[in-house]
Every structure is written in structure tokens, then in C-alpha cells.
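Hi there,

Here is the structure I said I would pass on.

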Amino acid sequence: DAIFSDWFERALIFLVISCPCALVVSVPLSFFSAIGAISKRGVLVKGANYIEKLTEIKNIVFDKTGTLTYGVFEVTDIQSKKLPKDELLKYAAYAESFSTHPIGVSIVKAFTETIDSKLITKHEELSGLGIKATINEKEILIGNKKLLSKFNIQIDENEEKLSAVFISIDNEYVGYIVINDIIKTEAKEVINELKTLGIYKTYMLTGDKKEVAFDVGNKLGIDEIKYELLPHEKLANFEQIKKETNMVTAFVGDGINDAPTLANADISFAMGGVGSDLAIKSADIILLNDNIQAIVDAIKIAKKTKTIVYQNIVFIMLVKVGFLLLGADGLISMKEAIFADVGVALLAIFNSMRILNTIKDKK
């Protein structure tokens, strides 16, 4: 009893219902909505693929200076062995005058006089160590203990544990400058929230001394702390963490020294304010306001996005399969078919737009 016109109509109904526009529109829209919602938190995501990666993070590795701390240093003490303190600070400021590192900036800031760059004839930044410069025909070394050790210059044993930069003039140790940093107010809360979001372990990699690193790490509740690391050692330690855990591992940093690790992380965050241009270029996600609370917000939004995407897929497939069966049996008309296509697409789109309201009330 088959009539061609009936089956032709059923074929058209089947064709309309099977149109995949609901999936094609709602899934990408969910990810674009997530990028928009995250951007409201002051975070720039470089691609929609990183939204899904955010939901897979199991370990997070932090740099210390400028990331967990403000990176705003102040000179709190100057100890000189042979020179007047003002003169020691002068040599230090001249040596650090071309540096963009927060420690160098703080030293230059403490030196209130104008710097005559003509007196600086040589200037070399030694990665992870400090600076070597020739100032007024004197060879200046300013940096950590490793820098002076490299040039066979001895530091007093009772001074080695200090959080300070050490200075030598013409290969003779002349004193040190004590500089302090401040932990970010939101840092401890962020570490605690990350653990509630399913982060298994937090790490801190820093070039600072053991005492300084553990003081900050223990206050924040960091699970594992590695200290006195050069840039290549940071990368090596990060790769080791990835290998040992075999889980998606994120890295959060800000400086030029962090760039290799940022580039090699499964997913990486860079500070957009205090961060160097190279770090920003190497990272996948940029925290424009340097607030690490945005990491928590981004993960929450990404998790909600993934949930909504799965909701849409399941809803769309159930409706379409159900209506396809009804359409093939001739139990529905073209009106219902249009609803199964356009109506379902609109419902999925409206559901996707809920992502924009994620953590709306949080400041």
C-alpha cells in the first residue's frame, strides 16, 4: 500500500530532522562562550582547545617571584664590608640599571640619584645568576651565591642563608643588600581552592634559597618545593614531574627565565602585568591583571563548559533519534521535524549561553 508521495514526505522529514546544525552550532558556541566568560575575569585564552585542557589539569607548578608573590621588592638592609653603604648601593644600582627583574628594579628605586649610563662600559646578564658589569673601570658582580662562586669569590658562611643579593668589586666580596618580597593576599586561598577542584598536587619551582622558598611554600600549603634552580633546571624539574606523574601538568610563571617551561607545559599561564614579553608569548593563557584567583575561575568555567557541551550532545541526539524513528513511521509531520531541527538548536544555544553567567556574582 505504499504511496510515493507519502514516502517522499517521510524522506524530507527524515532529512530535516537529521540536519546536524544543532551540534555544529552549539558545541563551538559553548567554547566561545567560555572564552568570553573567562575574559570577564581578566584572562586571555589563546584558543578554544585550551578550554578542554583546563578540565584535565591534575598538577599545577608555580614559579614564586611575581606569581605567588607580588614581585614588588623593597631594599630593607644594606651591609657593606669596606665601602660606605651609599657607595655600595650606587654600584649595585648602576649594575642593575638595565635590568627588568623586580629585584633589580627595587635596587634602582632605592638609589634616588640619577644614573649616568656613560659610566657603564660593559653589561652582561648571566641567566639565573645575576649581572656582570664594568662601571667606572671597576668590575662589578651582583647576584646570588652561585654567581660569586662561579668567579671563585667567597661569601661569609653566616651570610649564605640570607635572602640577599651579594656584591663584589674587582673580584673582592664587599657586601650584600637584603630585599624582601610580599606573598599575594589571594595565594593561600587559591591553593586551597585548586585542591577542591581535583588538583592532585601543587609544586613550586624557584631560584631562591631553600629558607626563603620553604618559608613561602609552607605558608601557602604547597605540596612540593624545589629551590635554587637555574632556568634550565626549572625546565628539567618540570619535565621530571610530568614524567613521574604522567598527568596533565600546568605551569604558572612570569619571567624570561620561565619561558622555556611555559612553552613546554601541557598548559601554561603567564602574568600579563609583571610578566615579560617572552613569557606572555610562550604561554597558552594570560592573566592580564596578575591575579592568580583567575586560574581557579578559569578551571571552574571550563568544567561547567564541558558539562554543558555533554548536556547538549546527549539532549540533541536523544531528540533527533526519537523524532527520526517517529518520522520514519509517519507519526509526525514537517512541523515536528522543524522543531527537532531548529527548535532543538535554539534550546542547545540557550543552554550554551548559561556559561556566560558562571561565577557572575564573584568579584
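Leu-126 is buried, since its relative accessible area is 12% (buried means under 20%, exposed over 50% and partly exposed in between, with a 1.4 Å probe and protein chains only). You will find Leu-126 in strand β4; helices (H or I, at least four residues) and strands (E, at least two) are DSSP runs, numbered from the N terminus. If you skip its neighbours within four places in sequence, Leu-126 is in contact with Lys-132, Leu-147 and Phe-151, where contact means heavy atoms within 4.5 Å. Its C-alpha atom is 20 Å from that of Asn-237, which is 111 residues away along the chain.

Before you go further, please keep in mind that this is a predicted model: local features need pLDDT of at least 70 and side-chain atom pairs count only at pLDDT 80 or more, while totals for chains, interfaces and linings use all residues. Residues are numbered from 1 along each chain as its sequence is written, and side-chain values use heavy atoms, with hydrogens and water left out.

**The sheet**

Strand β4 belongs to an open sheet of six strands, in the order β3-β8-β7-β6-β5-β4, with antiparallel pairing. Two strands count as paired if DSSP finds at least two bridges between them. The edges are β3 (74-80) and β4 (120-126); each has a single partner strand, so one side of each has no neighbour in the sheet. On average, neighbouring strands here are turned by 20° against each other, direction ignored.

Going through some of the pairs:

- β3 and β8 are antiparallel and share six bridges; Val-75 has Ile-179 in β8 as its bridge partner.
- β5 (residues 130-135) and β6 (residues 138-143) pair in the antiparallel sense over six bridges, with Glu-139 in β6 as the bridge partner of Thr-134.

β7 and β8 form a hairpin with two residues between them, and Asp-170 in that turn has a positive phi of about 55°. β8 is mostly covered, as seven of its nine residues are buried.

Which strands does helix α4 lie across? Helix α4 (residues 85-95) lies across β3, β4, β5, β6, β7 (164-169) and β8 (172-180), and runs at about 120° to β3. For these angles, axes are lines fitted to C-alpha atoms, for helices over the stretch in contact, and the values run from 0 to 180 degrees between N-to-C directions. Helix α5 (residues 102-110) packs on the sheet too, where it touches β3, β6, β7 and β8; its direction makes about 75° with that of β3.

**Salt bridges**

A search of the whole structure turns up 13 salt bridges, each being a side-chain nitrogen of Lys or Arg within 4 Å of a carboxyl oxygen of Asp or Glu. Three of them are worth a look.

The side chains of Asp-63 and Lys-234 meet at 2.8 Å, N to O. Asp-63 is in the loop between β2 (59-62) and β3 while Lys-234 is in helix α9 (residues 231-245), so this pair ties together parts 171 residues apart in sequence. Both residues are buried.

Lys-82 forms a salt bridge with Glu-172, and their closest N and O atoms are 1.8 Å apart. This pair also links distant parts of the chain, with Lys-82 in the loop between β3 and α4 and Glu-172 in strand β8, 90 residues apart. Lys-82 is exposed, because its relative accessible area is 58%, whereas Glu-172 counts as partly exposed at 34%.

Then there is Lys-219 with Asp-215, where the closest N and O atoms are 3.5 Å apart. The two are separated by about one helical turn, because they are four residues apart in helix α8 (residues 210-220). Lys-219 is partly exposed at 46%, and Asp-215 is partly exposed at 40%. Back with Asp-63 and Lys-234, salt bridges that share partners join them and Asp-258 into one network.

Happy browsing!
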